[in-house]
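Take a walk through this structure, one element at a time. Keep the sequence and the 3D view side by side.

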Amino acid sequence: MSILNILQFPDPKLRQKAAPVASVDDRIRTLVDDMFETMYSAPGIGLAAVQVEVLKRVIVIDISEDKSQPKCFINPEIIECSGHEKMDEGCLSVPGIYEPVSRAKDITVRYLDREGKAQELTVDGLLAVCIQHEMDHLDGKLFVDYLSEMKRNRIRKKMEKMRQHTL
Ligand code: NI
């Protein structure tokens, strides 16, 4: 397994759209494993393939505190959603920033698992928020897009400043 490089906002590559996975083979399983390792080492609770420069519709999530609930979603689709919930969100591509975003509260997601088997899952709370956040990444969308332009520009400046200091 290997740790992959996570693109940082405002990298334009984060705006790319991911294509559906045609078949869940060993290459995809290796990607999933690498994404879990990358997410855990960051550390974070979710990661989308676009963030590691792979344009495939693959996301990994583990909202547990002890890495005990790894979940991977391949070609995820939300087939039902209801309600609204506002929660503070962060992102491994926008480190150190946490802002409230409004999302659907209850969702049912259809996807392929690590073995390529079709699954359906109905969830709410943090997991529902996390799935929606990661699915946005697959369409080149970031949680900062839900904020005001002023706030987003302020975050962009902060990120660019941080990068200069680390070079
Ligand atoms: Ni994110």
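Begin with helix H2, whose buried residues are Gly 125, Leu 127, Ala 128, Val 129, Cys 130, Ile 131, Gln 132, His 133, Glu 134, Met 135, Asp 136 and His 137. That is twelve of the 13 residues in H2, so the helix is mostly covered under a cut-off of 20% relative accessible area. Bear in mind that this is a predicted model. From first C-alpha to last, H2 reaches 19 Å.

His 133 and His 137 are both buried. They sit four residues apart in the helix, about one turn. Residues three or four places apart point the same way, because an α-helix has 3.6 residues a turn.

Now turn to the metal. Which protein atoms are the donors of the nickel ion? They are SG of Cys 91, NE2 of His 133 and NE2 of His 137. These donors lie 2.1 to 2.2 Å from the nickel ion. Along the sequence, the donor residues follow the spacing C-x41-H-x3-H.

Cys 91 leads on to the largest pocket. Cys 91 is among the lining residues nearest the pocket's centre, together with Ile 45, Glu 89, Gly 90 and Tyr 98. The lining has 18 residues in total, and the volume is about 330 Å³. Strand E4 (85-89) and helix H2 (125-137) each supply at least two lining residues. H2 gives the most, with five.

Definitions and conventions: Residues numbered from 1 in each chain as written. Predicted model: local features only at pLDDT ≥ 70, side-chain atom pairs only at ≥ 80, totals over all residues. Heavy atoms only, no water. 1 Å grid on protein atoms, 1.4 Å probe; cavity = no way out; pocket = protein on both sides within 12 Å on 5 of 7 lines; lining within 4 Å. Points joined across faces, edges and corners; volume = space filled by probe spheres on them. Expected span 1.5 Å × (residues − 1). Buried < 20%, exposed > 50% of the residue type's maximum accessible area, 1.4 Å probe, protein only. Donors = N, O, S within 2.8 Å, 3.2 Å for Na, K, Ca; no water.
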